[in-house]
Amino acid sequence: MKQSRTKWFLVVASFAVLMTVSGCAKKQTPPPPPPAPPPAPTASLSANPSSIEKGQSTTLTWQTQNATDVNITGVGPVEPSGSRQVSPPDSITFRLTAKGPGGTQEATARVTVTAPPPPPVVQGPGDEELFAQNVKDAFFDYDKYDIRADAQQALQADAQFLAQHPNIRFTIEGHCDERGSTEYNLGLGDNRANAARNALVQAGVSADRIKTISYGKEKPFCTQSNEQCWQQNRRAHFVYQK
Amino acid sequence: MRRCNIAYRYLRMKPSLAVVFALLCCTALASAQQDWIRTGTGLGIEKVRLAAADFKATTTEAPIADLNQAFNDTLFADLENAGIFDMVSKSFYPLQVPGTPQEINFGAWSNPPPNASMVAFGNLGVAGGQVSVQGWLFDVKNQQSPQVLGKQYREAATVDNARLIAHRFANEIIFRLGGGIQGIAESKIFFISDRSGHKEVWSMDYDGANQKQVTRVGEISLSPRVSPDGTRVAFSAIGGGGSNILMWSLELNRLVTFPKFGGTNASPAWSPDGKSIAFSSSRSGDPELYTIDADSGTGLKRLTNYRGTDISPCFNPKSGAQIAFVSGRTGLPQIYMMDADGANLQRMTDGGYAVSPSWSPNGQFLLFAWFRKYGPGEPGAQDVYIMDVASKQWVQLTTGTGRNDFPSWSPDGRHIVFQSNRSGSDQIWTMLADGTQARQLTTQGRNSMPNWSWR
């Protein structure tokens with residue numbers, strides 16, 4: 001039986017050779033070409049409008065390709081393409097960074113923020129009318145510039161009104177009755193205007209809102225020669241300053 | 001002819017003043033007032049009897065009649081206004097009008113009815129657009145050497161110039177016969193008038209002629225004071241920003257710079273040398289008195305420091321060393337006096353409501369306006385008073401009609417201009433310093449705050 005043993009040996013050997021050969025045949029084919037490199041990302045970023053006033057908003061619009069990770073400074077991670085409304089407080093250059101397997105790409109958009117014009121000091125329609133209705137004159141005794149009780153009340157109420165309307169500026173005119181001398185009455189009128197002003201300042205009204213002027217007896221409110229008219233003229237008169 | 005003793009000369013030249021002082025003092029309260037009146041030695045002297053003849057016209061064609069009329073009227077009025085002559089009325093004059101020394105008849109003038117001591121006469125003619133005047137002053141009681149004055153004038157032939165020549169001739173006569181004091185016939189009065197629609201500064205001749213507007217500011221102008229050299233008027237005006245002292249140049253006919261301060265600035269007054277202006281300012285918060293250099297506007301000095309209005313300063317025009325003013329520091333305004341640097345304060349009035357001091361040219365008297373009983377419901381009027389500065393004794397000059405204010409002395413110390421509403425509205429009046437011969441000078445609009453020029 002020596003012949004079957006040889007056949008068996010040949011088969012196994014062929015098989016081994018085949019195995020080896022096939023194995024060797026694998027190692028011996030040229031390697032396949034490497035795959036093409038991934039495309040670089042593209043990015044674009046724009047802001048519309050590019051100039052805004054503080055407090056307003058602008059719309060950022062971007063597009064990227066081949067990016068897996070897109071980030072905009074001041075906004076954060078974003079989808080690869082899209083738009084977003086932003087309200088930067090100051091001028092800023094938005095920087096978009098697009099990262100992908102192919103690399104990194106950046107894009108910028110500049111937004112200029114200007115300070116808005118100061119709001120006009122609108123004293124409100126009707127401030128002048130309110131002033132005329134609410135701010136009462138202070139009246140004085142003969143040859144006096146002391147603040148008497150009724151004048152004190154009037155001035156306190158005036159001070160309250162003026163505190164509620166801090167934008168109002170005004171002039172205090174000092175007046176005298178027709179008796180007495182022109183020159184001396186200029187001084188007395190000045191004293192009366194100042195007395196009223198001091199009372200208001202002490203009650204909290206800021207002095208830089210107040211101007212004073214004396215008219216002596218030169219601009220009377222009435223011209224009869226009786227005590228009623230004379231009292232009308234002895235006053236500190238308030239005038240709204242436009 | 002000029003006397004050294006000024007007080008003596010004052011009383012000598014104003015015998016009527018001295019007489020009236022004595023009369024009023026008998027009815028006044030304080031018997032101590034008799035002393036200073038009795039020192040007047042001029043009580044018995046008579047005024048010179050002066051005749052001013054119409055000047056003879058030497059040419060015939062127009063406008064000789066108008067010029068002659070203006071000249072004659074003005075000459076007579078100036079001599080009458082001087083207050084030192086007993087003017088002989090024209091109804092007593094001889095019919096023959098002397099035009100030259102050869103034509104004067106001494107006896108006709110020195111005997112009754114005229115009974116004149118002095119006669120002013122002369123002639124006036126127009127030729128070639130010029131008016132020529134020859135004038136003489138003759139002592140008709142002295143036939144040997146009668147001529148006291150002989151003068152010649154020539155100007156362009158206008159009515160204004162005829163008046164001007166009359167003023168000059170009258171001033172010469174007054175100077176020669178009036179003890180060496182300059183006449184006032186060419187002096188001016190500055191005042192406030194509202195007749196243009198705004199209160200502005202106006203001026204006029206001392207007799208009320210030639211009233212014309214000086215300033216054009218368009219605000220409320222007050223308190224005009226002409227400078228001693230007659231070139232500028234200081235005044236105050238209330239505008240939008242307050243009351244400021246302004247300076248008007250009469251030569252340039254416009255405002256010139258003067259510093260502005262805050263507050264109410266009012267009542268400017270010139271020192272007699274023209275170098276300083278005193279005024280009231282409330283720049284510190286209360287009206288106080290200050291002086292400042294008039295030309296440069298620098299050198300501000302504060303004189304008062306007391307709560308209450310200090311205002312209406314007036315320099316002693318003789319010495320320039322003192323200032324009279326008004327202060328409300330004790331309540332109602334009173335007259336005070338102090339040195340020009342603020343020292344030596346003295347109170348002059350003792351009550352009532354006293355304002356508007358004006359110091360006489362000889363430095364001896366203060367005029368002011370006084371409301372002796374002032375207060376709610378009090379009757380009575382505000383009158384002009386005169387006070388002897390040394391003794392503080394006073395005499396009332398106006399007689400309780402209406403409100404009288406802002407007296408101002410004439411440069412010869414013999415006349416007073418003041419504001420009065422006795423005719424129904426504020427107007428300018430003059431009178432002699434003894435309170436007599438009150439005359440209304442203005443009629444249009446309302447006129448106030450007069451100031452007599454310094455010469």
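Reply: Among chain B contacts between residues at least 6 apart in sequence, 46% join residues at least 24 apart. Two residues are in contact if their C-beta atoms, placed from the backbone, lie within 7 Å. This is a predicted model: local features need pLDDT of at least 70, side-chain atom pairs count only at pLDDT 80 or more, and totals for chains, interfaces and linings use all residues. Residues are numbered from 1 along each chain as its sequence is written, while chains are lettered from A and ligands numbered from 1 in the order in which they are written.

Chain B has six helices and 30 strands. These are DSSP runs, numbered from the N terminus: helices are H or I, at least four residues, and strands are E, at least two. Of the 455 residues in chain B, 48% are buried. Buried means that 20 or more other C-beta atoms, placed from the backbone, lie within 10 Å of the residue's own; 12 or fewer means exposed, and in between is partly exposed.

Now the core. A nonpolar core is a set of buried Ala, Val, Leu, Ile, Met, Phe, Trp, Tyr and Cys residues joined through C-beta atoms within 7 Å. The largest one has 139 residues, and Phe71(B) and Val119(B) touch the most other members. Helix 6 of chain B (residues 159-177) gives the largest share of this core, nine residues. Leaving out residues up to four places away in sequence, Val119(B) touches Ala51(B), Ala53(B), Ile104(B), Trp109(B), Phe138(B) and Val140(B).

Finally, the partner. In chain A, 17 residues are in contact with 31 residues of chain B. Helix 4 of chain A gives the most to that side of chain A, with nine residues.
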